Amino acid sequence: MTKTTLPRHVAVIMDGNGRWAKQHKLQIALGHRQGVEALRAIIRESSDLGIEALSLYAFSTENWRRSPQEVEALMGLLLEYFTSEIDELDENNVRIRILGDKDGMPPKQRAALVSAEERTKGNTGLNLNIAINYGGRAELARAARALAEKAVKGEIRPEDITEDALSRELYTAGQPDVDLLIRTSGEMRLSNFLLFQCAYAEFMFPSVLWPDFDLNEYHKALEAFGSRDRRFGGRKA
Ligand code: IPE
Ligand code: IPE
Ligand code: MG
């Protein structure tokens, strides 16, 4: 793989844990646990390849609609993940950012997320964005609110509200737009993920379920990205 064709920002909708559990006649929680295993390899590889940003959809604002048992299992797994992985991520110079509303999280989980961000904020390697209690529309509404507050205080004028200004109020402020979006399990929708940032992303929908998404699958997606013709509305001579 040549570095010139690598995406700067990869976003992943990690979907299919439930179906994987069903396929293996296991409880759903075990599907999510297996999903975490898949995650480790993808993060490490992204870091090794020198990808700038990796955004992972871990829990949407809509996922609260699931059964209390499943939500509890996911919250437990989240806490476990941040406790067990933080040392290694920090050692690998990974900077963690949480995309989403941390204040809407249970106290222990919230504390773990805040502490992971704090601990890794000086790191200069892979930007690892983990979307938790995240919704793309909520993110845009929040950005609009922040700009409106500045306008009311007289800090900015309406004409200062540009695409860049809006982008600077998003959770991903300062990071490049998404180049490659991967959603596993064959579903072909965004499910409210990074609506603004994906404006010109290339989309890939591998049919494998997330727990089966391995390095081989990741390399296939990265290679396919390299051969996409990105025009951004223009025309090549
Ligand atoms: C994705 O897997 C993980 C989360 C939403 C947390 P799913 O749990 O949505 O898996 P399926 O879609 O039921 O197979
Ligand atoms: C999107 O998957 C959210 C995550 C992967 C965290 P869902 O499984 O929740 O999305 P829908 O319901 O199929 O759109
Ligand atoms: Mg799903």
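Is asparagine 133 buried or exposed in this predicted model, and at what relative accessibility? Asparagine 133 has 7% relative accessibility and therefore counts as buried; buried means under 20% relative accessible area, exposed over 50%, and partly exposed in between, with a 1.4 Å probe and protein chains only.

The model is predicted, so local features need pLDDT of at least 70 and side-chain atom pairs count only at pLDDT 80 or more, while totals for chains, interfaces and linings use all residues. Residues are numbered from 1 along each chain as its sequence is written, chains are lettered from A and ligands numbered from 1 in the order in which they are written, and side-chain values use heavy atoms, with hydrogens and water left out.

**Helix H3**

Helices (H or I, at least four residues) and strands (E, at least two) are DSSP runs, numbered from the N terminus. Helix H3 covers residues 68-91, which is 24 residues, and spans 35 Å from its first C-alpha to its last, close to the 34 Å expected at 1.5 Å a residue. The expected span is 1.5 Å times one less than the number of residues. H3 has a kink of about 50°, centred on glutamate 85; the bend at a residue is the angle between axes fitted to the seven residues ending there and the seven starting there. Glu85 is also one of the buried residues of H3, which include Leu74, Leu78 and Phe82. The buried residues of H3 pack against helices H2 (28-49) and H4 (107-120) and strands S2 (53-60), S3 (95-99) and S4 (127-134).

Two strands pair if DSSP finds at least two bridges between them.

| Strands | Sense | Bridges | Opposite residues |
|---|---|---|---|
| S2 and S4 | parallel | seven | phenylalanine 59 and isoleucine 132 |
| S3 and S4 | parallel | five | isoleucine 96 and leucine 128 |

Arginine 97 stands opposite asparagine 129 in S4. Four of the five residues of S3 are buried, so S3 is largely enclosed by the rest of the structure. The chain crosses from S3 through H4 to S4, and this β-α-β crossover is left-handed. A crossover is right-handed if, with the strands pointing away from the viewer, the path from the first strand over the helix to the second runs clockwise. In S4, eight of the eight residues are buried, so this strand is also largely enclosed by the rest of the structure.

**Nonpolar cores**

A nonpolar core is a set of buried Ala, Val, Leu, Ile, Met, Phe, Trp, Tyr and Cys residues joined through side-chain atoms within 4.5 Å. The largest has 42 residues, and Leu54 and Phe82 have the most contacts inside it. H3 gives the most to this core, with nine residues. Apart from it lies another core of 13 residues, among them Ala11, Tyr57, Leu99 and Leu194. Leucine 54 touches residues including Val10, Ile43, Leu126 and Tyr218, not counting residues up to four places away in sequence; contact means heavy atoms within 4.5 Å.

**Positive phi angles**

Most residues other than glycine have a negative phi. Asparagine 133, in strand S4, has a positive phi of about 55°. Just after H3, asparagine 93 takes a positive phi of about 65°. Leucine 194 has a positive phi of about 40° and is found in the loop between strand S5 (180-183) and strand S6 (202-204). At 0% relative accessibility, leucine 194 counts as buried.
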